[in-house]
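Subject: Structure handover

Hello,

Here is the structure I promised to pass on. Please open it first, then read the notes below.

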Amino acid sequence: MTTTTNIAAVTGAVGSSHIRLEGRDKVTGAARYAGEVPFAELAHGWLVLSTVARGRIRSVEDSPVLAMPGVLAVLHHGNAPRVDTDYVGMLGRPNPVLGIFQHDRVPFVGWPVALVVAETSEQAREAAEALVVRYDEEPHDVAFSSGRSDAYTPENTPMVQAETEKGDIEAQLGASAVVVDEEYTTPEEHHNAMEPHAATARWDGGRLDVVDSNQGSTWVAGELASLFSLDPASVRVRAEHVGGGFGSKGLSPHQVAAVMATTVLHRPVRVVLTRRQMFSLVGYRSPTAQRIRLGADADGRLRAFDHQAQSLTSTVHEFIESSAVMGRVMYDADAHHTLHRLVRLDVPTPTWMRAPGEAPGSFALESALDELAEKCGMDPIELRTRNEPETGPVSGLPFSSRNVLACFEEGARRFGWADRDPRPGLRREGRWLLGTGTAAATYPSGVGPSTAAVTAEPDGTFTVRINATDIGTGARTAIASIASDALEVDRDRIRLHIADSDLGPAMIAGGSTGTRSWAWAVTLAAAELRERLALGGSIPPEGITARSNTAEAIEALAQQERHSFGAHFAEVAVDVTTGEVRARRLLGIYAAGTIVNPLTARSQFIGGMTWGLSMALHEEAIRDQASGGLVGADLAGYHFAAHADVPLIEADWVDDPVPDDPVGIKGIGEIGIVGVAAAIANAVWHATGVRHRDLPIRPDRVLRAADEARRRAEEEARSRSEEEVRSA
Ligand code: MOS
């Protein structure tokens with residue numbers, strides 16, 4: 001386990017573009033998703049969700065429904081199998097929402113209260129909609145706002161440190177020539193993957209077999225084993241094709257419901273979520289209220305850095321949207337403070353959503369940096385250059401590689417930043433005011449232990465087995481290139497088996513860690529296989545197999561600040577008489593290690609940037625205070641960027657070698673969204689002279705801000721002229 005030399009580009013598969021291996025299957029419909037795989041004797045479950053935000057279930061009136069056509073069972077807290085939620089899984093303690101039908105308490109609108117199972121999906125739906133559930137309702141509170149007196153500082157989790165602190169913030173703010181002290185807000189946002197969550201469960205020869213749509217079958221199999229107190233070896237989970245995940249596809253109530261139902265009915269049961277159900281059952285991004293205080297010398301050098309972020313969680317489970325982590329990596333100061341606070345409300349528990357933490361955090365932080373640049377009379381890139389840290393501002397650790405300034409430099413050159421007049425509100429083209437803005441991006445480069453097996457077959461092909469998941473990113477295609485280089489054989493001699501927990505444990509497709517983790521395992525196994533093949537001899541019919549486990553190699557990695565970095569540039573046009581904001585150009589330049597497949601990597605970056613644009617201008621889930629539920633919880637009511645909203649987007653990268661990763665990979669799944677909303681908001685300021693600190697930048701907000709700016713300008717002009725009259 002000492003292979004840490006960078007083997008990329010031995011055969012040149014890594015670094016060159018390849019179309020998705022399964023692309024043809026997907027566009028022709030041959031690829032089957034979890035809700036489509038056929039099973040004999042399949043029954044269909046339909047979840048019934050609570051309609052009240054807080055209270056108790058008084059009754060589930062299942063008798064009339066059981067008499068409806070095709071209905072096989074109604075599971076609820078009065079009759080469902082017991083599950084155990086007292087365990088620590090791969091990513092921590094389970095969300096209690098997985099303990100469905102275990103008690104009569106209802107902690108939010110959309111809590112699962114029953115599963116109706118029937119012969120057909122239509123019969124199940126009909127019966128589920130007819131099921132009467134009565135509640136004893138209690139008053140609820142779903143009102144997230146900044147500065148709530150019941151906000152508290154959560155305990156640290158293995159993933160998030162709640163607070164970091166060095167130096168005296170107040171003293172350094174007092175000694176600063178320039179101070180920015182502002183609050184930024186982002187709304188509740190939802191990931192709603194193209195493919196709805198779906199699972200089919202059945203008992204097969206004493207083993208639980210689940211065909212699923214998830215981001216990691218090792219993870220989901222482990223959770224199901226714990227929940228149902230099963231030997232992990234008796235649980236198999238597969239996820240052959242997955243139509244998007246974005247943090248939402250782990251374990252959710254529908255898989256648990258399917259396992260319960262198949263256990264009760266002794267036949268395969270499928271549960272598919274509707275879009276509306278996805279809005280309450282699979283997590284979302286918490287709204288945030290973030291206060292940032294920056295203090296700097298007149299030349300822009302930071303003295304004080306304070307980022308305090310408030311988000312919400314449910315009453316049953318704690319989730320921290322880690323918005324304040326970005327400054328721990330990006331900017332140093334004599335005094336440095338970052339803090340997360342939570343408010344518990346009667347709402348579903350939020351979860352990871354593409355670039356959890358950094359996505360909303362970067363909006364606040366990179367907007368505040370732009371405000372500081374404005375106050376210092378400095379170019380925002382120059383301000384960042386002056387504050388470029390030598391080592392991790394909080395950790396003191398060296399960076400494995402950083403190169404964020406190289407991204408700004410290359411981005412500025414390509415975007416034409418040098419000609420920019422920094423003054424706001426000056427450029428006009430017909431009814432449009434034009435502006436440009438920039439922001440930094442970063443996301444952690446993580447890696448998790450994984451196992452892989454590589455087999456040399458007698459026919460000269462190689463079989464690679466790894467429990468990776470391709471959630472639409474092109475993971476299969478990337479792994480083929482990595483194996484090709486590691487084995488020094490053409491890609492067409494490689495066969496892949498992925499997305500099956502029986503292949504052995506492997507990292508999830510999440511946290512931008514998938515490709516890096518799987519590449520490491522495949523590279524190690526391939527190296528071992530080549531050593532064995534080098535000994536000579538013929539290959540037996542079953543082939544020769546080498547296995548790897550990266551746990552030790554990862555454990556031995558040097559402690560460093562490991563992150564991908566980037567710079568985003570945006571050009572916008574704003575019509576202040578209609579409030580319309582159009583993004584005209586977006587450019588992202590990244591320093592993100594080895595880019596395995598430029599074709600699909602560009603898709604990842606552009607997809608992230610498109611989401612950043614959507615976050616800046618469109619996305620916002622509205623919670624109805626009276627009912628506690630969401631308004632318009634579907635893809636018609638939840639507004640997001642459509643094709644016509646998306647301008648020319650370019651993504652590219654600078655050379656960014658990582659010496660101690662076998663393939664030099666950092667991970668690119670999430671960084672594309674980070675900072676884009678800030679770059680757009682900064683461009684809107686440059687266009688109009690008005691700062692927007694609340695997302696999304698809706699037309700009504702642009703209009704109101706323009707009105708206020710006009711009123712202020714008129715008042716200033718009036719008081720100036722009055723003063724002139726007085727002094728005359
Ligand atoms: Mo990502 S939010 O870790 O799928």
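Is Arg495 buried, partly exposed or exposed? Arg495 is partly exposed, with a relative accessible area of 45%. (Buried is under 20% relative accessible area, exposed is over 50%, and partly exposed lies in between, with a 1.4 Å probe and protein chains only.)

Some ground rules. This is a predicted model, where local features need pLDDT of at least 70 and side-chain atom pairs count only at pLDDT 80 or more, while totals for chains, interfaces and linings use all residues. Residues are numbered from 1 along each chain as its sequence is written, and side-chain values use heavy atoms, with hydrogens and water left out.

Salt bridges

The whole structure holds 61 salt bridges. (A salt bridge is a side-chain nitrogen of Lys or Arg within 4 Å of a carboxyl oxygen of Asp or Glu.) Helices and strands are named below from DSSP runs, numbered from the N terminus: helices are H or I with at least four residues, strands are E with at least two.

- Arg495 pairs with Asp459, and their closest N and O atoms are 3.0 Å apart. Arg495 sits in strand β20 (residues 494-497) and Asp459 in the loop between β18 (451-456) and β19 (462-465), so the bridge ties together parts 36 residues apart in sequence.
- Asp334 and Arg301 form a salt bridge at 3.3 Å, N to O. Asp334 is in the loop between α8 (327-330) and β15 (335-344), and Arg301 in the loop between β13 (288-296) and β14 (302-313), so this pair joins parts 33 residues apart in sequence. Asp334 is partly exposed at 36% relative accessibility. Arg301 is partly exposed too, at 34%.
- Arg704 and Asp700 meet at 3.2 Å, N to O. Both belong to helix α17 (residues 699-727); they are 4 residues apart, which means about one helical turn between them. Arg704 is partly exposed at 46%, and Asp700 is partly exposed at 32%.

There is also a network of salt bridges. It links Glu410, Arg413, Arg414, Arg602, Glu650 and Asp652.

Helix α12

How many residues of α12 are buried? The count is 13 of 13, so the helix is mostly covered under the cut-off of 20%. Helix α12 covers residues 475-487. Its expected span is 1.5 Å times one less than its number of residues. That gives 18 Å, and the end C-alpha atoms are 18 Å apart, which agrees. Just after α12, Glu488 has a positive phi of about 55°.

Best wishes
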